[in-house]
Amino acid sequence: MRSTGILRLVARAAHEWGVRFRSVGVVGAPFYTGQPRVGPDRGPDAIRAAGLLQRLREQGCAVKDYGNLAFEEVVCDGLVGVVKHVRAVGGANQRLSEAVQKVKTERHTLVMLGGDHSLAIGSIHGHAAAVGGLSVVWVDAHADINTPLSTPTGNIHGQAASYLIQELQAKIPALPGFSWLQPCVGARDLVYMGLRDVDPQERYILKLLGVKVFAIPQVDQLGIARVMEETCDYLLARGRKPIHLSYDIDAIDPSVTPATGTPAAGGLTYREGLYITEHLCETGLLSAVDLVEVNPLRGQNEQEVRSTVSTAVDLLLGCFGCRREGNLPLEYVLPEP
């Protein structure tokens, strides 16, 4: 049996009976300046309002909500080259990194509610600063790996991964607001899933670095179960590092999650999206989760917003042991006649 098969059997039994001992630390990051559309800053409160915290508790987790971070407004934040809002994004991510380090120091599994995907910079940096080397699973329609010099838009939510990758350090110019940041992820410790809208220069970077990628054509060809098995085999071959899952809601097809800023047709199904979280949960290594780019203002009606937000909640519940076939009730004893 493959190593991940054994690992999953052991971890599944542990999760059936031991998920009640998982401690979750939730941080809201209501920040949208890494991209041009207002609304992602409303994501954290929308996800909480949909019942995330209570449902985590109902499935046996201890939950500490650290609330929403407050970010300083940067008045003079002009372009640096073509890159937009550098100082604001740098400052917000420094604040987030510090908050994440606190959550991890207090021994919680992190849930970071965004906010736009530029926040992965601070979330992953803070996680690595607290625990050391990481494996990163980046689930997204987009690669977000343009550098400040290759970006066609200047939006940092499309550059976040490049700031974190050690092998790209020489390609990242000095930027105001980012002097605190040191790259903390090796290219071979990163796996992408769900890609389907990738700039040519991003494709070049991925190929150059040898990053493991399961784009939508590979998901179609292999099936999501095989993709997850190969992902875990690949990451475990490099050691049992804590896993950081950075999940952009636009990875899911917009027929399911339309309330997001950059939807791309042909995405993961609801079932595929959930399977990713369930499988990573069963490894026992999932240490932090970002859920980003939920934008309630982008829904055309209340149903679109509800579908997007409820899917975000379901994805997060899957990270903490919620199983679609049903969970064993905690401390339940069958009644006697």
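This is a predicted model: local features need pLDDT of at least 70, side-chain atom pairs count only at pLDDT 80 or more; totals for chains, interfaces and linings use all residues.
**Entry 1: H9 against H10**

I started with a helix pair: helix H9 (residues 224-236) and helix H10 (residues 270-282) pack at an angle of about 35°, their axes 10 Å apart. I noted the crossing of H9 past H10 as right-handed. From H9, I listed Ile224, Ala225, Met228, Glu229 and Cys232 in the contact, and from H10, Glu272, Tyr275, Ile276, His279 and Leu280. Sorted by type, the residues of this H9-H10 contact come out as 7 nonpolar, 1 polar and 2 charged.

I then looked at H9 alone. It has 13 residues and reaches 18 Å from first C-alpha to last, close to the 18 Å expected at 1.5 Å a residue. How many of the 13 residues of H9 are buried? I got 10, so I put H9 down as mostly covered, with buried meaning under 20% relative accessible area. The buried set is Ile224, Val227, Met228, Glu230, Thr231, Cys232, Asp233, Tyr234, Leu235 and Leu236. Ile224, Met228 and Cys232 are among these buried residues, and they are also in the list for the contact with H10. A reminder for reading such lists: an α-helix has 3.6 residues a turn, so residues three or four places apart point the same way.

**Entry 2: Val227**

I picked Val227, which sits in H9. Why does Val227 count as buried? Its relative accessibility is 0%, and the cut-off for buried is under 20%. Leaving out residues up to four places away in sequence, I found Val227 touching Met193, Phe214, Gln218, Val219 and Leu222. Of these partners, Met193 falls in strand S5 (residues 190-193), and Phe214 in strand S6 (212-214). I also checked a distance: Val227 and Leu209 are 18 residues apart in sequence, and their C-alpha atoms are 20 Å apart in space.

**Entry 3: the sheet as a whole**

Next I traced the sheet. In what order do the 8 strands of the open sheet run? I read S2-S1-S3-S8-S7-S4-S5-S6, with parallel pairing. S2 (62-68) and S6 stand at the edges with a single partner strand each, so one side of each has no neighbour in the sheet. On average, neighbouring strands are turned by 15° against each other, direction ignored.

At the S2 end, I counted 5 bridges joining S1 to S2, which run parallel. Ser23 stands opposite Ala62 in S2. Helix H4 packs on this sheet and touches S1, S2, S3 and S8, and its direction makes about 150° with that of S3.

**Entry 4: S3**

Then I went to strand S3 (residues 109-114) and found 6 of its 6 residues buried. Thr109, Val111 and Leu113 point one way, Leu110, Met112 and Gly114 the other, and all are buried. On one pairing, S3 meets strand S1 (residues 23-29) in the parallel sense over 6 bridges, where Ala29 has Gly114 as its bridge partner. On the other, 4 bridges join S3 to strand S8 (residues 286-292), again parallel, and I saw Val111 opposite Val289 in S8.

**Entry 5: S4**

S4 pairs with strand S7 (residues 243-248) in the parallel sense over 5 bridges, with Val139 opposite Tyr247 in S7. S4 is also joined to S5 by 4 bridges, running parallel, and Val136 has Leu190 as its bridge partner in S5.

**Entry 6: Asn93**

Last, I looked up a residue of H4 (residues 86-105), Asn93. Is Asn93 buried or exposed? It is buried, because its relative accessibility is 0%. Which residues does Asn93 contact, leaving aside neighbours within four places in sequence? I wrote down Ser118, Leu119, Ala120, Ile121, Gly122 and Trp180. The helix that holds Asn93 is the H4 I had noted packing on the sheet.

Terms used
Residues are numbered from 1 along each chain as its sequence is written. Side-chain values use heavy atoms; hydrogens and water are left out. Buried means under 20% relative accessible area, exposed over 50%, partly exposed in between (1.4 Å probe, protein chains only). Helices (H or I, at least four residues) and strands (E, at least two) are DSSP runs, numbered from the N terminus. Two strands pair if DSSP finds at least two bridges between them. The expected span of a helix is 1.5 Å times one less than its number of residues. Axes are lines fitted to C-alpha atoms, for helices over the stretch in contact, and angles run from 0 to 180 degrees between N-to-C directions. A crossing is left-handed if the near helix is turned anticlockwise from the far one by less than a right angle, and right-handed if clockwise. Contact means heavy atoms within 4.5 Å. Ala, Val, Leu, Ile, Met, Phe, Trp, Tyr, Cys and Pro count as nonpolar, Asp, Glu, Lys and Arg as charged, and the others, Gly among them, as polar.
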